[in-house]
Amino acid sequence: ADVNKGEFAHYTIKEIFEQRTSVKAATYQEEHKIKVFCDTIAAAGNIIVTGSGTSYHTSLITSMAGCRALKKRFEPVMASEFKYNMDSIDKDTVVLAISQSGETADVLSATKLARAAGAKILSIVNVSTSSLARAADVSLAINSGPEIGVAATKSFTGQVSLAYSVLDRISGGRIGFDRDAVSDKITKMLAGSAAIERLVNVTMPKVNDIYLLGRSIHFPIALEGALKMKELAYVHAEGIAAGELKHGPLALMDKNAVVFVLNPDDKTYGDTLSSAHEVKTRGAKIIGISNVSNDIYDAMIEIPKMENELLYPLVEVIPLQLFSYYLALRNNVDPDFPRNLAKSVTVK
Ligand code: AGP
């Protein structure tokens with residue numbers, strides 16, 4: 001595999017651009033393996049989805065989408081919290097463990113405990129020879145190629161793409177994931193990278209506190225965007241379920257806050273727009289990520305209309321990755337290797 005940076009200044013930006021093709025690569029699977037994988041999920045009484053960091057955000061998305069597509073409860077559990085949440089695990093349980101490296105200690109220990117309690121283990125990894133691939137009854141690889149940047153980018157969209165194609169296969173296409181259409185839309189988002197760079201360097205005031213608001217399937221993207229900003233740019237950032245604002249975080253909003261609002265015109269639109277008004281009234285600067293413009297946004301990042309709202313995460317995350325990358329450069333931080341972090345956390 002090619003691990004040169006090629007025309008790019010950093011691995012991180014190279015890997016962000018590789019999403020044009022990696023979302024497609026994630027969905028090419030051996031027939032017999034994906035069949036057993038899907039049959040196992042379809043037959044499960046109880047499904048727990050686990051992972052750490054970005055892979056936990058994929059677990060949240062997979063759980064929401066799984067619930068909607070299969071009309072069956074999926075429970076997301078952080079791998080580091082897994083051992084405290086073992087009570088419902090039995091032989092009818094399937095644990096779906098998600099990890100780029102397949103070597104994350106918290107995830108490996110969760111699968112070990114789950115297996116001892118009688119559960120079947122499925123995994124989604126990037127490294128097909130990893131410990132987690134071997135620990136599972138069936139493991140599927142996202143085929144993203146090496147991800148060198150410590151911050152997960154292409155592995156995230158690869159995980160979501162593979163999870164969606166699995167759920168589509170079981171549900172007869174309820175999500176409507178089309179790899180070519182998604183790849184085209186990501187390619188268009190990436191073509192707007194210069195505008196995001198301008199947003200960071202020209203439009204944005206010096207920013208110390210960033211908040212990201214989203215409901216439903218957009219909430220995990222609010223968390224993922226915040227994680228990227230913390231890791232890559234060392235900026236305080238917080239993902240908030242928009243409906244929770246009035247339960248506390250609204251107290252933080254003032255003219256120094258910069259708030260991303262994840263607000264495509266799906267069924268979350270009206271409620272999230274009200275949340276945007278609440279923070280605007282307190283003087284915060286608002287960056288809208290949406291397919292429809294609105295005067296309330298101080299700046300807007302346009303995303304394409306998606307056929308099914310579950311598909312929005314795959315395009316919404318792109319400008320947030322780019323924003324974090326350019327903010328890292330502006331803050332003179334090496335985006336590829338953030339301080340204090342390791343690419344895979346193999347100790348507990
Ligand atoms: C993501 O940007 C982080 N570097 C980190 O949260 C990562 O997703 C987490 O450590 C899990 O890694 P894994 O996917 O290899 O298990």
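## A predicted fold and its ligand shell

Lysine 71 sits in the loop between helix H4 and strand S2 (74-78); helices (H or I, at least four residues) and strands (E, at least two) are DSSP runs, numbered from the N terminus. Please keep in mind that this is a predicted model, in which local features need pLDDT of at least 70, side-chain atom pairs count only at pLDDT 80 or more, and totals for chains, interfaces and linings use all residues. Residues are numbered from 1 along each chain as its sequence is written.

**Confidence**

- The protein chain has a mean pLDDT of 96, and 99% of its residues reach 70 or more; pLDDT is the predictor's confidence in each residue, from 0 to 100.
- For the complex, the predictor gives an ipTM of 0.99 and a pTM of 0.97.

**Overall build**

- Twelve helices and ten strands make up the secondary structure of the protein chain.
- The C-alpha trace of the protein chain spans about 55 × 45 × 40 Å along its principal axes.

**Burial and the core**

- Buried residues account for 51% of the 348 residues in the protein chain; buried means that 20 or more other C-beta atoms lie within 10 Å of the residue's own, exposed means 12 or fewer, and partly exposed is in between, with C-beta atoms placed from the backbone.
- The largest nonpolar core has 107 residues, and those with the most contacts inside it are Ala97, Leu212, Leu213, Ala222, Val259 and Leu327. Helix H12 (residues 312-330) gives the largest share of this core, twelve residues.
- Such a core is a set of buried Ala, Val, Leu, Ile, Met, Phe, Trp, Tyr and Cys residues joined through C-beta atoms within 7 Å.
- Not counting residues up to four places away in sequence, alanine 222 touches Leu212, Leu213, Gly214, Gly239, Ile240 and Leu262.

**Around the ligand**

- The ligand is surrounded by 16 residues, the closest being Gly53, Thr54, Ser99, Ser101 and Thr104. Helix H4 (53-70) and helix H10 (219-233) are the elements that give two or more residues to this shell.
- H4 provides the largest share of the shell, three residues.
- By class, the shell has six nonpolar, nine polar and one charged residues; Ala, Val, Leu, Ile, Met, Phe, Trp, Tyr, Cys and Pro count as nonpolar, Asp, Glu, Lys and Arg as charged, and the others, Gly among them, as polar.

**Loop residues to look at**

- Lysine 71 has a phi near 55°, a positive value in a residue other than glycine, and counts as exposed because it has 9 C-beta neighbours inside 10 Å.
- Serine 216, in the loop between strand S6 (209-214) and H10, has a phi near 55°, a positive value in a residue other than glycine. Serine 216 counts as buried because it has 20 C-beta neighbours inside 10 Å.
- Proline 249 lies in the loop between strand S7 (236-241) and strand S8 (257-262). Leaving aside neighbours within four places in sequence, proline 249 is in contact with Tyr211, Ile240 and Glu244.

Key. Contact = placed C-beta atoms within 7 Å. Near = placed C-beta within 6 Å.
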